[in-house]
Amino acid sequence: MKILVVGAGGREHAIIKKLKENPRVDAIYCAPGNGGIAKDAQCVNIKATDLDSLAAFAQDEKMDLVVVAPDDPLVLGLVDMLKERGIRAFGPSKLAARIEGSKVFAKELMKKYNIPTAKYEVFTNSKDAMRYIEREDSFPMVIKADGLALGKGVMIAQTRQEAANAIHSMMEDRIFGSSGSRVVIEEFLTGPEVSVLAFCDGKTVKPMLSSMDHKRALDGDEGLNTGGMGTIAPNPCYTPALAQECMKTIFKPTVEAMQKEGCPFQGCLYFGLMMTPKGPKVIEYNCRFGDPETQVVLPMLKTDLLTIMDATIDQTLDQLDIEWETGACACVIAASGGYPQSYKTGFAISGLDEMGQVPGATIYHAGTRLENGEFQTCGGRVLGVCTKGNDLTTALEKAYEAIGKISFENMHYRHDIGHRALMSK
């Protein structure tokens, strides 16, 4: 088999490493990939948003499967384009990808089908939004850009002034471009946060292991929101009883709702959940594997990933038992100093040689390039250092031992990944 994985980050690296475990796979290509991915796949210099070139490449090279990992090409309709050319593709259609591509679509879907979520209102102009903020006068308040914004389109306003600044920057300054032409203003939910990825074939949903993301840039959940500074799996607060409740009130109703709306979801559906005092509620949906959640979930997968993807495409997930390893997995992100704001790149990375690593550690490359045989930084999130253990404490100890052997100029990482989970035990 020849497989093309679309994307360039740590998530794509984790998907590629997992797909390589299947003996049927002869060759994996990645577009555009990165320096570390180049060690596991043949990188192709095509941007993930260059749909025409990606579809032409997949057709010319006779790809047996294309895995579309990032949100942008999914929302733009790459899977539809590939299927029109007779190419098997893993990922939702353009219509189904609206569940992430439009916060308004997602919220209205939940309202229509009674899927538990935060109270909200939608606004198309800043004056109406400001009048609502002043009338509600309840903080914290969550303000979301309608469209995609590189995972940074959600602002939690602690005061009326912060809310006004968020509305101004999204709707008037257009810091997220057209994604901010509509905004959703939500009530602030409280409780433990849980991420659950799920395989969906349009009618059947099979949740993966739960995980806990750490969005804030600094220790103690301080600093700005990022794309994720680390993750652990499973999330200890997500009990079997809560999993059962989420299946009944959220997972199945969502898949059924998408079917009824004429846009059945096939691919990986990400549920961002809050375990509130009134029960689990949906914070957000993503139409693809999460990053960096994928880096801790896929290493725990015992069932072959390619087999699951085939079943997802062929709508036979109900016939498949998906098995998971026991224990825990932890991922700590090594980021460029200054991320998620301005940062410098092009620094040499040391400590990536095999002799320098902790046994059992896996390094997923997110923002690296290979120059004359040397890895250099070329992104905000640079590496994901992942380790498994019989329990969370062991996994975290190994992850921090491994990241301690890696260095580059201005390297930054959080020192408290998983601490909240350990405290809750």
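How many positive and negative side chains does the protein chain have, and how far apart do the centres of the two sets lie? The reply is in point 2, after a word on the model.

1. Basis. This is a predicted model, in which local features need pLDDT of at least 70 and side-chain atom pairs count only at pLDDT 80 or more, while totals for chains, interfaces and linings use all residues. Residues are numbered from 1 along each chain as its sequence is written, and side-chain values use heavy atoms, with hydrogens and water left out.

2. Charge. The protein chain carries 47 positive and 54 negative side chains, and the centres of these two sets are 3 Å apart. Lys and Arg count as positive, Asp and Glu as negative, and His and the chain ends are not counted. Each charge is placed at NZ of Lys, CZ of Arg, CG of Asp or CD of Glu.

3. Overall form. The protein chain contains 13 helices and 22 strands; these are DSSP runs numbered from the N terminus (helices: H or I, at least four residues; strands: E, at least two). The radius of gyration of the protein chain is 21 Å, close to the 22 Å given by the globule rule for 425 residues, so the chain is as compact as a globular protein of that length. That radius is taken over C-alpha atoms, and the rule is 2.2 Å times the number of residues to the power 0.38. Along the principal axes, the C-alpha atoms fill a box of roughly 60 × 45 × 45 Å.

4. Surface and contacts. Of the 425 residues in the protein chain, 57% are buried. Buried means under 20% relative accessible area, exposed means over 50%, and partly exposed is in between (1.4 Å probe, protein chains only). The accessible surface of the protein chain is about 17,800 Å², and carbon and sulfur atoms hold 47% of this surface; areas come from the Shrake-Rupley method with a 1.4 Å probe, and for residues only the protein chains shown count as cover. Among contacts in the protein chain with a separation of 6 or more, 68% are between residues 24 or more positions apart. A contact means heavy atoms within 4.5 Å.

5. Nonpolar cores. In soluble globular proteins, nonpolar side chains tend to be buried together. A nonpolar core here is a set of buried Ala, Val, Leu, Ile, Met, Phe, Trp, Tyr and Cys residues joined through side-chain atoms within 4.5 Å. The largest has 54 residues, and those with the most contacts inside it are Leu-4, Val-66, Leu-82, Ile-99, Phe-251, Leu-273 and Tyr-285. Helix α9 (residues 240-260) gives the most to this core, with seven residues. Apart from this core lies another, of 47 residues, including Ile-15, Ala-69, Cys-331 and Ile-333. Not counting residues up to four places away in sequence, Leu-82 touches Ala-55, Ala-58, Val-66, Val-68, Ile-87 and Ala-89.

6. Ser-211 sits in strand β11 (residues 205-213) and is buried, at 0% relative accessible area. Its contacts, leaving aside neighbours within four places in sequence, include Val-194, Ile-232, Asn-235 and Glu-293. Ser-211 and Val-194 are 17 residues apart in sequence, with their C-alpha atoms 6.1 Å apart. Glu-100, in helix α5 (residues 98-101), is also buried, with a relative accessible area of 5%. Beyond residues up to four places away, Glu-100 touches Asp-71, Leu-148, Tyr-285, Asn-286, Cys-287 and Arg-288.

7. Two loop residues. Asp-173 is in the loop between α8 (160-172) and β9 (183-187) and is partly exposed, at 49% relative accessibility. Asp-173 and Lys-206 are 33 residues apart along the chain, and 41 Å separates their C-alpha atoms. Thr-239, in the loop between β14 (230-233) and α9, is partly exposed at 33%.

8. Backbone points to check. Most residues other than glycine have a negative phi, and most peptide bonds are trans. The bond from Ala-31 to Pro-32 is cis, with omega near 0°, and Pro-32 lies in strand β2 (residues 27-32). Tyr-339 and Pro-340 are also joined by a cis peptide bond, with omega about 15°. Lys-62, not a glycine, has a positive phi of about 55° and is exposed at 64% relative accessibility. Asn-372 has a positive phi of about 50°; this residue is in the loop between β19 (368-371) and β20 (374-377) and is exposed at 82%.
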